[in-house]
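Please read this short report alongside the sequence and the structure shown here. It takes up a few loop residues and then a sheet with a helix beside it.

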Amino acid sequence: MKSDLKVRHGGKILADALAAQGVKLAFGVPGESYLPVLDGLHDLQDRVRFIVCRQEGGASYMAEAYGKLTGEAGVLFVTRGPGATNGAVGVHTGLQDSTPMVVFIGQVPNEFAEREAFQEIDYRRMYGQMTKWVAQIDRVERIPEYVSRAFHTAMAGRPGPVVLALPEDTLFSEAAVADAPRHHTVRPAPSAAQMQDVQKHLSTAKAPFVILGGGGWDRAATLKLQKWLEAQGLPGGTSFRCQDLLDNRSPSFVGDVGIGINPKLAERVKQADVLLVIGARLGEMTTSAYTLVEAPLPRQTLIHVHAGAEELGRVYRPAVAINSGYPQFVDALVGLSFGNAAWKEKTAAARKEFLEWTELRPIPGNVQYGEVVRWLSDKLPEDTIIANGAGNFAGFMHRYFRFKGYRTQLGSTNGSMGYGYPAAVAAKLAEPKRSVLALCGDGDFLMTGQEIATAVQYGANFVAVVVNNGMYGTIRMHQEREYPGRVFGTELRNPDFAAYARAFGGHGEIVERTADFAPAYERAAASGKPAIIELKIDPDAIAPAATLSGIRDKALKSKQ
Ligand SMILES: Cc1ncc(C[n+]2csc(CCOP(=O)(O)OP(=O)(O)O)c2C)c(N)n1
Ligand SMILES: [Mg+2]
């Protein structure tokens, strides 16, 4: 049987393995450490598109964003040592966001191992804490087996990143081996007894609250759940940067259980008698630093549903622990019905609080950034993908943008700066027909902004808004609160971002007044190029409902 198989070099076996797994898009920066893979991909250009990026940080964010958006593993190739270290940021993001990823890293030949050879790192140690599995393929014959396991592992249960190191000798060696077919996606389902427990606790609940979050959902499940919540009159909140798991226009959507939470919403979560948590890990950002839900024994009756068995009981000891995929759980959940009229009233009150909380408030300066966000929310096509990085600029989006459906939000729940721009590039390449918007800060954007070269090279035409306040605003805000008036290490002298876009072959606009944004956006969107709109905002306008000077004055007073 074996003799019928063609002899291939390791790089070709690996490239064919990717095609067999169904990989359509891969991201990376080349290195001499994995030349045979590039050679293998050369023959597969019509099946596996390889996007060459400008820095591995951007490439790893792209792979992560692709995984988050599509639910298929995002694939990344980086070279050894420097490539592997640059690429770590997207892997950490993938871990915290439960995003399936398979990362391939070049490795020194086995004959040089453990000598600290050129660019040598033991990836098993380096990536041990950041991945679901990290391994090195030491024998060319076993490439299909390792790749198959990598995809199964990245996708199973709670999705996450996997790293495979590729020693040079493995890639250059030859073997006659068979490809492994496409992986399964293994996710558990709840038992009938567990659903009876859910029924029991909810049927006596007076103030239940549902929190959705995490990775591993699909569109159909979110729509089904939304309808069910509406029919039952239950309130639903979404965990940090998972605001697109419910249509924010739904009467059952009552807000974002994340950073800068509406205090009234926080109170509702705290005062809930039953918390049904589906997919959210209940991390630090979602629990307002573990205050909304107490560890290890929550005051609320916690029904925790998670696709990763090891997440259940990790921080909180739930009353009911259900290891299930989310579509599987929702399928069972919609079979339950309660008809509790009092829930509806409470949910309507919570919804009213959400609408009041997200009413626009004026900020200092000529650009009302909140109005810009609301304009985007009202005018962009409903399925527009909004990708954002980290900084206070994102807080305005979290508060004022209405997410309208599954995977219209691509954010980093590890708060990683530089995510938005490359995530938007990946989104546009993965879904060219959808409109895409990157929302970046001035500090945030320049961490990975050179990936506009990648956008230009591959025709990923979308608009990026760079919110320029001339500082690392989030840190400045905390600085003014802790050490008022002692500004240090947070100021930025920025380039002309519109000229920057043009230098790469993109389109650039500068907006200094609210009224100029809409026409600038229309021009940018119609330019047929990757476009940047620099939005100059007043540095004092640090948050939707707070000014920098106000924070400083308050801190000074309290220290007197
Ligand atoms: C990769 C990374 N480095 C540093 C930080 C710490 N950090 C969080 S927000 C922030 C400032 C963001 O500045 P900017 O993008 O200009 O947004 P602004 O807060 O000014 O709106 C920094 C430095 C981080 N979250 N991620
Ligand atoms: Mg800034």
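## Loop residues with positive phi

E114 is exposed, with a relative accessible area of 60% (buried means under 20%, exposed over 50% and partly exposed in between, with a 1.4 Å probe and protein chains only). E114 is not a glycine, yet its phi is positive, near 70°, and the residue sits in the loop between β5 (101-107) and α6 (123-126); helices (H or I, at least four residues) and strands (E, at least two) are DSSP runs numbered from the N terminus.

S288, also a residue other than glycine, has a positive phi of about 50° and counts as partly exposed at 24% relative accessibility.

## The loop between β12 and β13

S288 is found in the loop between β12 and β13, and P296 has its place there too, between β12 (274-278) and β13 (301-306). The peptide bond from A295 to P296 is cis, with omega near 0°.

## A parallel sheet

Six strands form an open sheet with parallel pairing, in the order β16-β15-β17-β18-β20-β19, where two strands pair if DSSP finds at least two bridges between them. The edge strands, each pairing on one side only, are β16 (409-410) and β19 (507-511).

Strand β17 (residues 436-441) is joined to β18 (residues 463-468) by five bridges, and the bridge partner of C440 in β18 is V466.

## Basis of the description

This is a predicted model, in which local features need pLDDT of at least 70, side-chain atom pairs count only at pLDDT 80 or more, and totals for chains, interfaces and linings use all residues. Residues are numbered from 1 along each chain as its sequence is written, chains are lettered from A and ligands numbered from 1 in the order in which they are written, and side-chain values use heavy atoms, with hydrogens and water left out.
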